[in-house]
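This report describes the interface between two chains first, and then a few local features.

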Amino acid sequence: MIEFIYFGLEALIIILLALFIALLFNGIERKLIARMQARIGPPITQPFIDVKKLFIKENIVPDNAIPWIFNAMPLIALASSLLVLLYIPFGGMPALLQNYGDLILVVYIMLIPSLALAIGAFASGSPYASIGAQREIVIMISYEFVLSVIVIAVAWLFSLAFPQANAFSFATINEHAIWSVAGPVGIAGLLLLFISSLAVMPAKIGKLPIDIAEAKTEIADGVLVEYSGRNLALLHMAQATRMFAFASLIVALFLPWNLSNIFSLSGTLALIGDFAFFLAKVFVIMFVSGIFVSAASARLKIDQAAKCYISFIFLLSLIGLMLIGLDIML
Amino acid sequence: MGLDALKKSLWVFHLNTGSCNGCDIEIIAALTPRYDVERFGIKLVGTPRHADVLLITGPVTRKMKKRLLRVYEQVPEPKVVVVVGNCGSTGGVFYESYNLVGPVDKLIPVDVYVPGCPPRPEAIIAGIAKAWEKLERMREKNER
């Protein structure tokens with residue numbers, strides 16, 4: 001019983017911390033984008049103010065919506081994007097639920113926020129939301145190939161390097177850097193997979209080149225069009241957390257190095273150092289694949305985005321997988 | 001109450017009820033690097049459901065009446081209505097035209113008027129700042 005409470009408490013702390021960091025990163029992101037456009041930009045605490053404001057606004061459920069689906073989906077989106085963070089190891093710390101799920105489960109849970117967004121939009125009964133939801137699902141189908149190729153490649157490498165260990169488990173992935181188990185050709189393949197995972201980022205989080213599902217100026221915020229008040233606040237937090245979670249997944253897979261191994265730290269210092277280093281890595285990933293790209297580019301059309309993912313980036317990741325296969329055969 | 005947060009994050013929905021685009025372009029100008037209203041947390045949103053401020057331009061044509069009322073009802077409480085430009089405030093050069101049902105305050109309660117044809121972006125920002133004062137009064141009423 002005591003263990004159970006302890007477990008719950010730990011999960012709560014991780015969730016609150018993750019929510020805080022995700023919103024903070026969102027604030028930094030808005031500030032950076034403003035700076036890139038030669039504006040002053042909002043204060044870094046702006047997302048917190050926005051969320052606080054949305055909680056005091058009236059929560060409207062449209063007449064032709066299905067209320068229970070409409071109200072449940074923002075909660076599910078937020079809960080599932082927070083749940084991912086319980087499976088991903090933060091820096092040196094093993095993940096809280098690492099014995100209860102693996103890489104495949106995480107990839108599946110990461111799908112739920114997009115699905116929840118689309119279902120909630122369909123349930124809202126607005127034609128704009130319906131267009132947005134269809135686009136969200138098209139995009140989801142096109143980038144999911146790439147993610148599955150990455151999962152296959154990672155598991156393939158680990159299963160050959162450590163036949164006893166569970167190749168899909170985050171314990172294995174966290175213990176050994178993936179770059180150390182591959183040969184030179186495999187490293188080239190991994191590099192391609194890393195690049196394609198970065199390319200999936202804007203679509204996964206709905207940021208600018210691929211923000212087609214919630215195109216503000218085109219279909220009036222698309223999937224979010226009918227959401228207001230509390231539901232919108234939940235969705236905002238879900239979006240911010242989703243970005244943080246996906247960046248953490250990329251870091252856990254491709255950049256698992258820790259400071260404590262390099263500087264031989266120990267105890268609390270190692271824990272804090274590793275965590276700070278982990279956040280820095282996550283921020284770099286977010287900056288490279290999310291913030292910079294979204295500040296520098298215009299919105300793609302839905303067919304352009306789908307073609308880009310299904311042909312070009314899927315091909316890139318397939319070549320990566322082939323190189324890894326070649327490496328294993330050599 | 002969290003009306004303090006409302007003050008620092010006003011989301012604006014812009015509705016054109018038959019304006020000539022003069023005011024609309026000045027509103028867009030307020031978003032540009034020169035004026036940058038986002039530093040005050042003011043953001044232009046794409047749908048009335050997200051809005052705190054309804055920014056109306058134009059003298060309200062007969063066709064727009066129904067839509068104006070509908071959009072006004074779609075904005076969640078607490079909300080503020082700001083009218084930008086002479087047309088929306090008084091009818092302007094279209095005063096007493098046969099095809100108008102405006103000005104805006106005949107149809108919905110208006111909190112702030114920003115006169116001008118078109119008003120400068122500074123005036124629009126000042127108008128939205130006046131909207132804060134209305135929210136301030138609402139807060140005082142709540143506290144009493």
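Between chain B and chain A, 16 residue pairs are in polar contact, with both residues at pLDDT 80 or more. A polar contact is a pair of N or O atoms within 3.5 Å; within protein, one must be able to donate a hydrogen and the other to accept it, and residues adjacent in sequence count only if both atoms are side-chain atoms. The elements of chain B that give two or more residues to the side touching chain A are α1 (3-8) and β2 (43-44). Of these, α1(B) gives the most, with 4 residues. Helices (H or I, at least four residues) and strands (E, at least two) are DSSP runs, numbered from the N terminus.

The model is predicted: local features need pLDDT of at least 70, side-chain atom pairs count only at pLDDT 80 or more, and totals for chains, interfaces and linings use all residues. Residues are numbered from 1 along each chain as its sequence is written, chains are lettered from A and ligands numbered from 1 in the order in which they are written, and side-chain values use heavy atoms, with hydrogens and water left out.

The contact (heavy atoms within 4.5 Å) takes 27 residues from chain B and 29 residues from chain A. By class, the chain B side has 12 nonpolar, 7 polar and 8 charged residues. Here Ala, Val, Leu, Ile, Met, Phe, Trp, Tyr, Cys and Pro count as nonpolar, Asp, Glu, Lys and Arg as charged, and the others, Gly among them, as polar.

The two chains bury about 2400 Å² between them, 56% of it on carbon and sulfur atoms. Buried area is the accessible area (1.4 Å probe) that two parts lose on being put together, summed over both. In chain B, Glu38(B), Arg49(B) and His50(B) lose the most area to chain A, together 26% of what that side buries.

The structure holds 9 salt bridges over all chains, and the count between chain B and chain A is 6. A salt bridge is a side-chain nitrogen of Lys or Arg within 4 Å of a carboxyl oxygen of Asp or Glu. Two of them are tabulated.

| Salt bridge | N to O distance |
|---|---|
| Asp36(B) and Arg39(A) | 3.1 Å |
| Asp50(A) and Arg30(A) | 3.0 Å |

The second pair links distant parts of chain A: Asp50(A) lies in helix α2 (residues 46-56) and Arg30(A) in helix α1, 20 residues apart.

Two backbone features fall in loops of chain B. A cis peptide bond joins Cys117(B) and Pro118(B), with omega about -10°; Pro118(B) is in the loop between β5 (112-114) and α5 (121-143). Val60(B) is not a glycine, yet has a positive phi of about 65°, and is placed in the loop between β3 (53-57) and α3 (64-74). Most residues other than glycine have a negative phi, and most peptide bonds are trans.
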